[in-house]
Amino acid sequence: MWSAVIVDLVITFISIVLVIYSVHITGSYQSKFKALYFLPPIVGAINYGRKGGLIVSAICSAALFIDTWGSYKYVDTFNLLLDSDLAYIFILMLIAWLIGSMEDVEHKIRQNLLSWNQYLQNAERLSIIGQMAAGTAHEIRNPLTTIKGFLQLLQLKINNDKQEGYGEYLDIILTEIDRMNSIVSDFLVLAKPTETRLECLEVNILLQEILSLVTSESLLRGIDFKIVYGKNLPPVAGDKEKLKQVILNLINNAFQAMQEGGKLTIGTYYDEETEHVTIWIEDTGKGIPEEIMDKLFEPFFTTKETGTGLGLAISNQIIKNHKGRIRVESELGKGTKFFIDLPRLKDCNLDE
Ligand SMILES: Nc1ncnc2c1ncn2[C@@H]1O[C@H](COP(=O)(O)OP(=O)(O)OP(=O)(O)O)[C@@H](O)[C@H]1O
Ligand SMILES: [Mg+2]
């Protein structure tokens with residue numbers, strides 16, 4: 001990258017010096033090679049676009065002016081300058097401007113092509129991942145169904161034998177199996193957005209449903225966990241399981257950012273102006289460096305050794321399917337706060 005910049009600079013510089021020198025030793029304003037002065041602005045414009053072309057043509061114009069001035073030696077020859085060399089200078093600038101503009105346009109087209117290519121590459125990777133996910137989901141779901149079937153049998157037997165306590169464990173295992181099942185299915189959201197099944201939801205109730213899971217995980221990790229329920233929240237139209245998955249993704253990231261322990265706070269509020277209900281998740285973890293802020297939601301972007309970089313990409317897709325958005329605020333070394341904004345529902349009639 002830098003070597004290319006240096007090569008461009010050297011070529012432009014050499015072309016300027018060579019042309020000035022050649023014209024000078026071959027007779028300055030009388031030189032037959034004066035037309036060579038067109039060369040450096042063209043080189044400058046090609047290498048650096050319109051601005052570069054104009055700067056080089058300004059350097060050349062100054063050189064031509066000084067050289068010509070020296071050659072005439074008489075002040076009254078200023079008219080001659082006006083006749084010949086000013087026209088030259090004007091044409092130099094014009095050429096640099098035109099070629100530079102063409103270069104700038106080409107540069108923009110090239111940039112667009114580049115990002116389009118990146119987009120296509122991403123899409124290609126996503127479609128491969130989508131196919132893999134479909135295969136994996138199928139392979140994982142089958143044994144899960146078998147396990148679930150036998151666990152239900154076991155549950156019956158335990159209930160019949162009235163073995164206290166075990167039934168509760170089985171309930172938890174069965175719930176977790178259901179979660180695994182839906183996570184595997186949700187993996188497909190990214191590549192093949194599935195239909196979002198919207199129902200009328202109270203976000204506070206949604207948080208209550210993940211409360212026990214997050215509380216036990218926080219205890220294990222030595223993290224102080226708190227929920228701040230917002231008051232008078234209108235309902236939202238949401239796919240319950242998918243929204244839970246998003247919240248758990250964000251909480252999981254928060255846990256991973258607080259390896260040394262810390263505080264996890266999640267909460268809700270309603271903004272009357274934007275008419276959005278917000279769920280926020282705040283940690284006191286290591287924070288996110290400014291330079292990676294705009295990459296967070298890209299599929300496969302991760303800074304973790306074992307991360308897939310899909311968590312935020314999937315979450316973002318899910319929230320977009322809810323016509324909402326995810327925002328983030330972070331301070332390096334202090335912590336991070338994610339916001340999930342969801343449009344409010346006027347009432348629980350989903351046809352509105
Ligand atoms: N709360 C947070 N604190 C600090 N960094 C975060 C936080 N949330 C996300 N990040 C950064 O964003 C990156 C992308 O997150 P994302 O959840 O998409 O992928 P991941 O966590 O690396 O992998 P996985 O697919 O397992 O979720 C993370 O690697 C991390 O660098
Ligand atoms: Mg993650």
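Residues are numbered from 1 along each chain as its sequence is written, and chains are lettered from A and ligands numbered from 1 in the order in which they are written. In this predicted model, local features require pLDDT of at least 70, side-chain atom pairs count only at pLDDT 80 or more, and totals for chains, interfaces and linings use all residues, while side-chain values use heavy atoms, with hydrogens and water left out.

One disulfide (a pair of cysteine sulfur atoms within 2.5 Å) is found in a search of the whole structure. The bond joins Cys-200 to Cys-348, with an S to S distance of 1.8 Å. Helices (H or I, at least four residues) and strands (E, at least two) are DSSP runs, numbered from the N terminus. The link of Cys-200 and Cys-348 is left-handed, with -45° about the S-S bond. Relative accessible area is classed as buried under 20%, exposed over 50% and partly exposed in between (1.4 Å probe, protein chains only). Cys-200 is partly exposed at 24%, and Cys-348 is also partly exposed, at 46%. Cys-60, by contrast, is buried, with a relative accessibility of 0%.

Ser-315 is located in helix H9 (residues 311–321). Its relative accessibility is 0%, so Ser-315 counts as buried. A polar atom of the Ser-315 side chain lies 2.7 Å from the backbone oxygen of Gly-311. When neighbours within four places in sequence are left aside, Ser-315 is in contact with Val-246, Asn-249 and Ile-326, contact being defined as heavy atoms within 4.5 Å.

Positive phi values in residues other than glycine occur at Asn-232 and at Glu-275. For Asn-232, phi is near 50°, and the residue is placed in the loop between strand E2 (223–228) and strand E3 (236–238). Asn-232 counts as exposed because its relative accessibility is 74%. For Glu-275, phi is near 55°; this residue is in the loop between strand E4 (262–271) and strand E5 (276–283). Glu-275 has a relative accessible area of 34% and is therefore partly exposed.

Notes:
Polar contact = N/O pair within 3.5 Å; in protein donor to acceptor, adjacent residues only side chain to side chain.
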